[in-house]
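Here's a quick briefing to read alongside the model. Have the sequence and the 3D view open as you go.

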Amino acid sequence: MEPDAGAVTARVDDLSAPIPSSLIACCPWARVIRPAHTAFFSATGGSPLFMLVDMTIQRMDNVAIVVDDLDAAVAFFTELGMELEGKGQVEGRWADRTVGLDGIRSEIAMMRTPDGHSKLELTKYHTPAASGAQPQNPPPNTLGLHRVMFAVDDINDTVARLRAHGAELLGEVAQYESIFLLCYLRGPAGIIVALAEQIS
């Protein structure tokens, strides 16, 4: 079987190096073959490219959140400790076909955690206008996406700083045995952000 004509293959010699942004920008579904993979597949008699094609996923890339005020959402997650990776415009026929909406024109901000392993894509729709969820602030037991959790160094300090950006605790900061301090709070666009501080 021949690989897709549209597939992009790149070799990254440094296993610790991030995937080049230029590669991801030109093709979000780019396949990256690293030397360790190549050595494994060679030893087992497989083809690296074909084995990667057969894999279901490579990683969880990001979680997208639709917001009404992009700048405020960026400020909120920056206060939490995330880093703004970049902003961009999304529009065009490819976007319409991907999302299933007509005439998409949106602005996105990609936020990443300090370790670089997790990302949030904050999206502001200009057209078509974003539709509000019902109810506006669904409780934690609502079907669907439950919450996004972050590990923090100081939960009380983090809550205090996020309250300045409109965050509200759903309950209170609670202790789970002698292991964690935990809380749920309401963040941008009504999403639930969970915080966890490991007790030393």
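Where does Gly81 lie? Look in the loop between α4 (70-80) and β4 (83-91). Keep in mind that this is a predicted model.

- Gly81 has a relative accessible area of 34%, so it counts as partly exposed.
- Pro114 is 33 residues away from Gly81 in sequence, yet the two are 7.3 Å apart in space, C-alpha to C-alpha.

**Strands around β6**
- Strand β3 (residues 63-66) runs parallel to strand β6 (residues 119-127), and four bridges join them.
- Strand β5 (residues 105-112) runs antiparallel to β6, with eight bridges joining the two.
- Across from Lys124 in β6 stands Glu107.
- The hairpin of β5 and β6 has six residues between the strands, and Gly116 there takes a positive phi near 80 degrees.

**Salt bridges**
- The structure holds eight salt bridges.
- Lys124 pairs with Asp68, their closest N and O atoms being 3.2 Å apart.
- That pair links distant parts of the chain, 56 residues apart: Lys124 sits in strand β6 and Asp68 in the loop between β3 and α4.
- Lys124 is buried, at 18% relative accessible area, whereas Asp68 is exposed, at 64%.
- Asp71 forms a salt bridge with Lys87, with 3.1 Å between the closest N and O atoms.
- Because Asp71 lies in helix α4 and Lys87 in strand β4, this pair ties together parts that are 16 residues apart in sequence.
- Asp71 is exposed, with a relative accessible area of 54%, while Lys87 is partly exposed at 45%.

**A buried charge without a salt bridge**
- Asp96, found in helix α5 (residues 93-99), is buried yet has no salt bridge.
- The nearest side chain of opposite charge is Arg93, 4.6 Å away from Asp96, and a salt bridge needs a distance within 4 Å.
- Leaving aside residues up to four places away in sequence, Asp96 touches Leu101, Asp102, Gly103 and Ile104.

**A nonpolar patch**
- Tyr176, Ile179 and Phe180 make a nonpolar surface patch of about 250 Å².
- Ile179 is in the loop between β9 (174-176) and β10 (180-186), and is partly exposed at 32% relative accessibility.

Conventions. Residues numbered from 1 in each chain as written. Predicted model: local features only at pLDDT ≥ 70, side-chain atom pairs only at ≥ 80, totals over all residues. Heavy atoms only, no water. Patch = residues over 30% accessible without salt bridge, like charges linked within 9 Å, V, L, I, M, F, W, Y side chains within 5 Å. Areas by Shrake-Rupley, 256 points an atom, 1.4 Å probe, with all protein chains shown as cover. Buried < 20%, exposed > 50% of the residue type's maximum accessible area, 1.4 Å probe, protein only. Pairing = 2+ DSSP bridges. Lys, Arg positive; Asp, Glu negative; His and termini not counted. Contact = heavy atoms within 4.5 Å.
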